[in-house]
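Q: I am new to this structure and would like a close look at one part of it. Could you pick a spot in a loop, describe it, and then walk me outward from there to the rest?

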Amino acid sequence: MKGKVINVTTDTVVGEVMKMKNDGHRLVTFSTYQVDEDGLGILYHFDKNLETTHLRLTVKRDAPIPSVSGVYFAALLVENEIRDQWDVKFDGLVLDFNRTLYLDPEVTQVPLVSNVKIEPKK
Amino acid sequence: MATTVIPFGPQHPVLPEPVHLTLKVEDEIVKEAIPALGYVHRGLEKLAEIRDYHQMIQVCERVCGICSMIHAVCYSQAIEELMEVEVPKRAEMLRVIWSELHRTHSHLLWLGLFADAFGFESLFMQFWKVRERIMDINEATTGSRVIVSVNVIGGVRADLSPEQIRWILGEIDIVEKEVRALQDTIMNDYTVKARTVGVGVLSKENAYLLGAAGPTLRGSGVAQDMRMLGYGGYSELDFEPVVETSGDCWARSTVRFRETLQSIDLVRQAIAKLPEGELAAKVKGNPPEGEVYMRVEQPRGECVYYIKGNGTKHLDRLRIRTPTFANIPPLLAMLPGCELADVPVIVLAIDPCISCTER
Amino acid sequence: MLFTPTVIKNLLKKPATRLYPFTVREPFPNYRGELYIDIDACIFCGTCARKCPSQCIEVDKEQGLWSCDPHACVYCGICRDTCPTKCLHMKDVHRKPMTERIMMVEKGEPPKPKKKAAEAAPKAEAEPKADDADKGESKKADAKKK
């Protein structure tokens, strides 16, 4: 992956994002991926003069993740999306749709975890 | 002053895309807007787990209803970077030609809809009449009007013959002439200006901090265009990002109008520099383990793909961030302070593609 | 006022539109329209079924059946391009609207297994096929769950 990758933890993520904002970076988006059974990897993509920087955060899905929507307002949509897709909680989300941004209120399934992955042929 | 809550949408007066806004209104002035999405969520990212990486091209093309080509280019480029495939030069240039034709017809569609949003229906019909020539070029050269489906991993699967190139050059000359005839109306007409100048102003700082993308960002004076990254054939072409500084609806429509002309020029440049050669590189095996972050410029702005491969023919994760997704927070910042009657114009000014947003 | 020249030009010109059902534009030769199969040339290899992005084609080698759900087809033309015997074709016009759901089923002669290999070949081929079918079913089940 092109661009610098900085590893962060749940304690430092808000501070690091704040630092990026003060450096004049633009928040592009977050990407998520499954780490193992109950882990979630989040990449925060930043852009400044077409240069990319990524912050990598790995968390357990049952613990709340500190929200950066207080720093970048634009993070609110993508954090709500992650809530929909992975059923995780964000601490301090400015506008919480409570997993109804895309999904209907009666949906209890977690779309990206319920596993339909096809195992590689041996 | 008492606050009234007015639900706006999911049906937009002119745009067939479902977005709902809860508007808190005092008198005629909007004080707050809260969005509600989820009317067209399809879960396309999940499909990456059961469709193989070749078949995902056709899925990515259907993320957006209007710019199938550029989504497919972005996905193919990401997979090619992951698999370290060298794309032939001719294929790269052909991708540019079709991408820019898509940008032209997408902007012409939007300019027409925008004219319709403030009630100028005859201008709407003029723009769509011009657009039809571009659609014909797409249909004749690729086999379909919108979902052109010419990308494969490693190149393209359609070619342009010398006769087709001559015909395209003739057609885009006519398109340019007809578009230029409408320039004065969309930019300087009194009625158009009355509805767009000073409406939905987004300052340069706000646009940048709220993560706006594409013409919305460039209309606020930030010269950012992902084509400047020089991906594909763009490194060999000569162009500058189109920038307007006033940050209102007029600036956003002017950016799109000037980009239409720029795209026509880019099609000419790409045709002039079209090299001879192979159409597609041979691709063997599966994408290896690894991550790719790919950005391209769509008609609506910066489009981001994140791909995580795991060594099998199915991708571990495909994440798509479309430009409208980035433009919704700026929209929420534009709406407070505007008049209720201007809301449809402002919503349309970001060129919302909700199908893209929700995927 | 700036729009007046366009208005005057349009007044003097013929209409820009066609009276559609009565006048139809000539189709472009490369248009990806209705899919059809020349079943006599088909060797039932199943490449189209494997490559199809919408997985709307099913091939039954044993009975020599080729079936396609035209309502699920996305008209991408991948099957036509990958067919080894080039027996799939697309018309240059789209399929006319229908009043009921149909399923395209074509019956052809399945290729006869060679006498010598008749014992071994079906088994070797049956295994990966069964695997594929399982996958198809599990996918369908998942789709239903969603």
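A: Let's begin with C:Gln55, which sits in the loop between helix 2 (47-51) and strand 2 (57-60) of chain C. Please keep in mind that this is a predicted model. The phi angle of C:Gln55 is near 50 degrees, a positive value for a residue that is not glycine.

B:Glu84 lies in the loop between helix 2 (68-83) and helix 3 (89-117) of chain B. Its phi is near 55 degrees, again a positive value in a residue other than glycine.

Chain C contains four helices and five strands. Read from the N terminus, these elements follow the order α-β-α-β-β-α-β-β-α. Of the 146 residues in chain C, 29% are buried. If you take the contacts in chain C between residues at least 6 apart in sequence, 72% of them join residues at least 24 apart. The chain exposes about 10,600 Å², and carbon and sulfur atoms supply 58% of that area.

One place to look on this surface is a nonpolar patch formed by C:Val7, C:Ile8, C:Leu11 and C:Leu12, which together have about 440 Å² of accessible area. C:Val7 belongs to helix 1 (residues 4-12) of chain C. Its relative accessible area is 39%, so C:Val7 is partly exposed.

If you carry on along chain C past helix 1, you reach a link to another chain. C:Arg25 makes a salt bridge with B:Asp136, with 3.1 Å between the closest N and O atoms. This pair crosses from the loop between helix 1 and strand 1 (35-37) of chain C to helix 4 (residues 121-142) of chain B.

Chain B has salt bridges of its own. B:Asp225 and B:Arg218 meet through their side chains at 3.9 Å, N to O, and both of these residues are buried. In another pair, B:Arg300 forms a salt bridge with B:Asp351, where the closest N and O atoms are 3.5 Å apart. B:Arg300 lies in the loop between strand 6 (290-298) and strand 7 (301-309), and B:Asp351 in the loop between helix 12 (343-349) and helix 13 (354-358), so the pair ties together parts of chain B that are 51 residues apart in sequence. Both B:Arg300 and B:Asp351 are buried. Shared partners also join B:Glu100, B:Arg103, B:Arg218, B:Asp225, B:Arg227, B:Glu259 and B:Glu297 into one network of salt bridges. Over all chains, the count comes to 43 salt bridges.

Five salt bridges are counted between the two chains; one of them pairs A:Arg56 with B:Glu291 at 2.8 Å, N to O. There are also 17 residue pairs in polar contact across the interface of chain A and chain B.

Helix 2 of chain A is our last stop, and it holds A:Asp84. With a relative accessible area of 1%, A:Asp84 is buried. A polar atom of its side chain lies 3.5 Å from the backbone nitrogen of A:Leu101. Leaving aside residues up to four places away in sequence, A:Asp84 touches A:Arg99, A:Thr100, A:Leu101, A:Tyr102, A:Leu103 and A:Pro111.

Conventions: Residues numbered from 1 in each chain as written. Chains lettered and ligands numbered in written order. Predicted model: local features only at pLDDT ≥ 70, side-chain atom pairs only at ≥ 80, totals over all residues. Heavy atoms only, no water. Patch = residues over 30% accessible without salt bridge, like charges linked within 9 Å, V, L, I, M, F, W, Y side chains within 5 Å. Areas by Shrake-Rupley, 256 points an atom, 1.4 Å probe, with all protein chains shown as cover. Salt bridge = Lys/Arg side-chain N within 4 Å of Asp/Glu carboxyl O. Helix = DSSP H or I, 4+ residues; strand = E, 2+ residues; numbered from the N terminus. Buried < 20%, exposed > 50% of the residue type's maximum accessible area, 1.4 Å probe, protein only. Polar contact = N/O pair within 3.5 Å; in protein donor to acceptor, adjacent residues only side chain to side chain. Contact = heavy atoms within 4.5 Å.
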